[in-house]
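Biologist: I have a model open on my screen and I'd like to learn how to read it. Could you walk me through it, feature by feature?

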Amino acid sequence: MGDFALDSIVHVREYSDKDDPNTVVGRAESKLGSKEYNLVTNNCEHFATWCCTGRIASQQVRMVSSLTSSGAAATTSLGTTAAVVSAVGSVAGVSGAGVMSGLASAGSLVGAGAAAGPLVLALAPAVVSVGAVQVGLRGDKTLPKDENDARRDGRLASIAGAGAAGAGGMAAIATAGVTGMSAAGITSGLAAIGGVVGGGMVAGTVAVAAAPAVVAGVAGLGAYLVSRKIRGIRPKKWTPPPPDSEEPSALESSPHG
């Protein structure tokens, strides 16, 4: 271990379910001389997890993919909402009449009117973002219970965040301008929201439609990290002893590992 560490601190990952040492070492030795490394599909974490459990998995890759998917969903929503709103209605363009016509057309997909338009536009990117968080933070039976509980908290927060953002957006539309969800209320509400971000009705529509996807990703990851901190989860650290010391190396950790 001292030769491996090269005077560095080694972070030790705990598994709640792993194979016996002989199996683990046998797997590792079977790959001596292998040149199959791939950052995305076969990196060092994939290898270590496979040695210990027989499963090829990388939480780092999964988390990066999750965040990338959430970000892509939000970005796509920002880029396409304005085009959809201005194109699908009976009145083309990004004028007040064009935006309201587009929202009415979107809302009609669920049997409602313009008031439901922003939520309909937000649904697809929000589902993609929430789904990405569910995958990135899915449970893993090989990991300790506290880690899986923290992941569960992140998954739930993502769903709650998307729902709260959608409800908050509708509430903002109803109260930011002329109170209510009449045509005048929606128009003035979206214009007021758009004014905050430096635009008009289209900017307001984009902000409301993109919010659930953005909040889903941020809330999921944030809740996961906070839950880990509250639960006292941190990696064990193996510190090499001084070269001339006969004392065993120090291994420190929280009670939860």
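Predicted model: local features only at pLDDT ≥ 70, side-chain atom pairs only at ≥ 80, totals over all residues.

Biologist: How many helices and strands does the chain have?

Modeller: Helices are DSSP runs of H or I with at least four residues, strands are runs of E with at least two, and both are numbered from the N terminus. Here you get 9 helices and 3 strands, in the order α-β-α-α-α-α-α-α-α-α-β-β.

Biologist: What share of the residues is buried?

Modeller: Buried means under 20% relative accessible area, exposed means over 50%, and partly exposed is in between, with a 1.4 Å probe and protein chains only. Of the 257 residues in the chain, 37% are buried. For contacts, we ask for heavy atoms within 4.5 Å. Among contacts with a separation of 6 or more, 57% join residues 24 or more positions apart.

Biologist: How do I read a pair of packed helices?

Modeller: Two numbers describe such a pair: the angle between the axes and the distance between them. Axes are lines fitted to C-alpha atoms, for helices over the stretch in contact, and angles run from 0 to 180 degrees between N-to-C directions. Take α6 (residues 117–136) and α7 (residues 145–176): their axes are 9 Å apart, at an angle of about 165°. That's why α6 and α7 count as roughly antiparallel, a label for angles over 145 degrees, while under 35 is roughly parallel, 65 to 115 roughly perpendicular and the rest oblique. Residues making the contact include Leu119 and Val130 of α6, and Ile159 and Ala162 of α7.

Biologist: At what angle do α7 and α9 cross?

Modeller: Roughly 150°, with the axes coming within 7 Å. So α7 and α9 are roughly antiparallel as well.

Biologist: Is Ala122 buried or exposed?

Modeller: Ala122, in helix α6, is buried, at a relative accessible area of 2%. Not counting residues up to four places away in sequence, Ala122 touches Val208, Ala209 and Pro212. Its C-alpha is 7.7 Å from that of Gly166, 44 residues apart along the chain.

Biologist: Which side chain makes a polar contact with Ser227?

Modeller: A polar contact is a pair of N or O atoms within 3.5 Å; within protein, one must be able to donate a hydrogen and the other to accept it, and residues adjacent in sequence count only if both atoms are side-chain atoms. For Ser227 the partner is the side chain of Asp153, at 2.6 Å. Ser227 sits in helix α9 (residues 201–230) and is buried, with a relative accessible area of 6%. Leaving aside neighbours within four places in sequence, Ser227 is in contact with Asp149, Ala150 and Asp153.

Notes
Residues numbered from 1 in each chain as written. Heavy atoms only, no water.
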